[in-house]
Amino acid sequence: MIQHLIVLPVVLPLVAGILLLYQRQGMVWYKRTVSVVSTVGLLFVAMGLVSQANSGDVTYYALGDWQPPFGIALVLDRLSALMLLVTALLAVGAVVFACGGDDEKGSNFHGLFQWQLMGINGAFLTGDLFNLFVFFEVLLLASYALLLHGGGKARIQASVHYVVLNLAGSSLFLIGVGVLYGATGTLNMADMASRMAELPAEREGLVVAGALILLVVFGLKAAILPLYFWLPRAYAAAPAPVAALFAVMTKVGIYAILRVYSLIFGDQAGNLEAIEQSWVWWLSLATLVAAGVGVMAARDLRLLIAYLVLISVGTLLAGVGMRSPAATSALLYYLIHTTLITGGLFLLAEMIGLQRGKPGTRLVKGRPMVQGSALALAFFFGAIAVAGMPPLSGAFGKALMLNAAEGTQRLWLWPLLLLAGLASLIALSRAGSTLFWRSHRGNLSGSPLSRYQWFGMLWLLSASLLLVVFANPVSDYTQATAEQLANPGLVIDRLIPDAGDTP
């Protein structure tokens with residue numbers, strides 16, 4: 001059974017989605033039970049895979065027993081295992097929160113939720129570029145429908161921009177994959193990496209073109225400037241549990257950049273990785289500036305949190321651009337923190353909006369809330385965590401990022417990252433005072449919230465405290481992951497033994 005564990009993150013949500021979409025009408029308890037059990041099962045599978053990957057070995061699962069590079073291979077290393085665990089933790093909080101009533105606002109929520117998990121997990125595990133494209137399409141198709149869950153004008157408008165831009169990105173992705181296949185004759189990432197050093201000179205231009213096309217595609221998925229304009233409105237308009245799950249969507253793009261450019265376009269490809277990271281470095285800094293301005297300008301709590309996601313994108317991509325194992329380790333720790341905390345904040349924003357009634361999440365005065373004290377305490381905790389204030393994990397993650405900067409990188413990263421944190425703190429302080437202190441007198445607004453909603457939100461926000469308590473083992477794991485990622489020969493030798501010694 002243990003050898004089949006790698007395929008379960010794809011198969012489990014696939015089967016659950018089929019069972020849920022087969023029973024489309026009624027039986028809410030059935031849908032919730034299947035979805036929650038499947039997601040919790042996925043969490044245990046991810047924990048098992050992290051334990052397996054922690055040995056440092058790279059393992060793969062050849063579907064149909066077709067060995068690489070000819071068949072479809074799912075590859076497990078420290079990085080893919082970590083991303084699976086983060087996704088599962090996020091999904092548990094989101095799906096339990098949805099059981100508080102959000103899942104009944106439209107049809108097929110749980111089935112689509114499971115299929116989006118299948119696409120996300122497949123993207124983290126796949127070992128070839130074409131199936132990375134396929135899993136991107138699976139998660140995007142599910143996200144299109146989930147974004148529209150519950151209907152409404154704002155969601156339809158946001159979904160149009162989201163769908164059009166991502167369809168354009170998918171077309172570019174397919175073109176980029178085709179160009180690289182034409183240049184190398186393979187789609188398996190390890191095999192492609194092994195062939196890079198032996199490419200004839202006339203094909204080098206094709207490889208550079210394919211690499212830059214993929215950078216545009218992954219930059220769109222990650223929401224880097226100037227490709228981020230779809231994100232704020234889409235995330236702000238999405239249903240709360242969907243927006244929470246979307247917190248990991250930008251990380252899929254960041255994962256793809258880390259995986260593809262370290263494995264395929266490293267030293268063996270004439271160090272195209274350096275070209276990519278030069279672009280990423282400067283665009284990440286520009287993203288930090290633009291997102292900081294957006295946070296200060298936001299007049300809705302959901303939109304504010306969406307811009308906080310963009311600040312995290314700029315921070316993470318700056319770590320990619322610094323191009324060192326220390327920076328990679330720091331960005332992975334910060335990735336865990338920001339994914340779970342921003343996901344929890346989207347859930348908290350929905351709870352605040354439900355209690356406020358007509359004002360919703362707009363940053364205007366409203367009546368006092370029934371559970372205002374508890375919500376205010378949760379908001380204060382989440383704001384401190386996401387802004388990067390001690391003693392929570394945001395401060396630790398940003399400290400690691402700042403410490404990883406070297407030479408002139410510090411002159412750019414330190415002021416911009418600290419100013420972005422200051423902008424976040426000011427915007428969140430203003431939002432908190434408007435929502436909880438500057439309330440009109442009158443009757444209490446709202447009704448008590450569901451225990452499922454409280455559980456889902458607290459499940460995610462509590463990650464900030466746990467990341468501090470277990471900072472040493474987590475940072476040890478991320479450091480080992482960064483070192484493994486810096487040595488692509490481990491993956492190449494495991495999947496393509498005949499490739500010989502590869503740098």
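This is a predicted model: local features need pLDDT of at least 70, side-chain atom pairs count only at pLDDT 80 or more; totals for chains, interfaces and linings use all residues.
Local features were taken only at pLDDT of at least 70 and side-chain atom pairs only at pLDDT 80 or more, whereas totals for chains, interfaces and linings use all residues. Residues are numbered from 1 along each chain as its sequence is written, and side-chain values use heavy atoms, with hydrogens and water left out.

Seven salt bridges were found in a search of the whole structure, a salt bridge being a side-chain nitrogen of Lys or Arg within 4 Å of a carboxyl oxygen of Asp or Glu. Arg32 and Asp103 form one of them, with an N to O distance of 2.8 Å. Arg32 lies in helix α2 and Asp103 in the loop between α3 and α4 (109–125), so the pair ties together parts that are 71 residues apart in sequence. Helices are DSSP runs (H or I, at least four residues), numbered from the N terminus. Asp103 is buried, with a relative accessibility of 6%; buried means under 20% relative accessible area, exposed over 50%, and partly exposed in between (1.4 Å probe, protein chains only). Arg32 also meets Glu104 in a salt bridge at 3.0 Å, N to O. This pair links helix α2 with the loop between α3 and α4 across 72 residues.

A further salt bridge joins Glu350 and Lys105, whose closest N and O atoms are 3.8 Å apart. Glu350 belongs to helix α14 and Lys105 to the loop between α3 and α4, and the two residues are 245 apart in the chain. Glu350 is buried at 7% relative accessibility, while Lys105 is partly exposed at 48%. Through salt bridges that share partners, Asp102, Lys105, Arg302 and Glu350 form one network.

Pockets were located on a 1 Å grid over the protein atoms alone, as open sets of points where a 1.4 Å probe fits, with protein on both sides within 12 Å along at least five of seven lines; lining residues have an atom within 4 Å of a point. Volumes are the space filled by probe spheres set on the points, which are joined across faces, edges and corners. The largest pocket holds about 590 Å³. Its lining comprises 19 residues, with Leu85, Leu89, Ile336, Leu467 and Val474 nearest the centre. Two or more lining residues come from each of α2 (28–53), α3 (78–98), α14 (325–356), α18 (451–461), α19 (463–469) and α20 (471–485). Helix α3 gives the largest share, four residues. By class, this lining has 17 nonpolar, two polar and no charged residues; Ala, Val, Leu, Ile, Met, Phe, Trp, Tyr, Cys and Pro count as nonpolar, Asp, Glu, Lys and Arg as charged, and the others, Gly among them, as polar.

The second largest pocket has a volume of about 460 Å³. Among its 22 lining residues, Ala154, Ala236, Ala237, Arg302 and Thr361 are the closest to the centre. Helices α6 (153–184), α9 (231–237), α13 (301–322) and α14 each supply at least two lining residues, and the largest share, six, comes from α6. The lining of the second largest pocket divides into eight nonpolar, six polar and eight charged residues.

Val15 sits in helix α1 (residues 8–22) and is partly exposed, at 42% relative accessible area.
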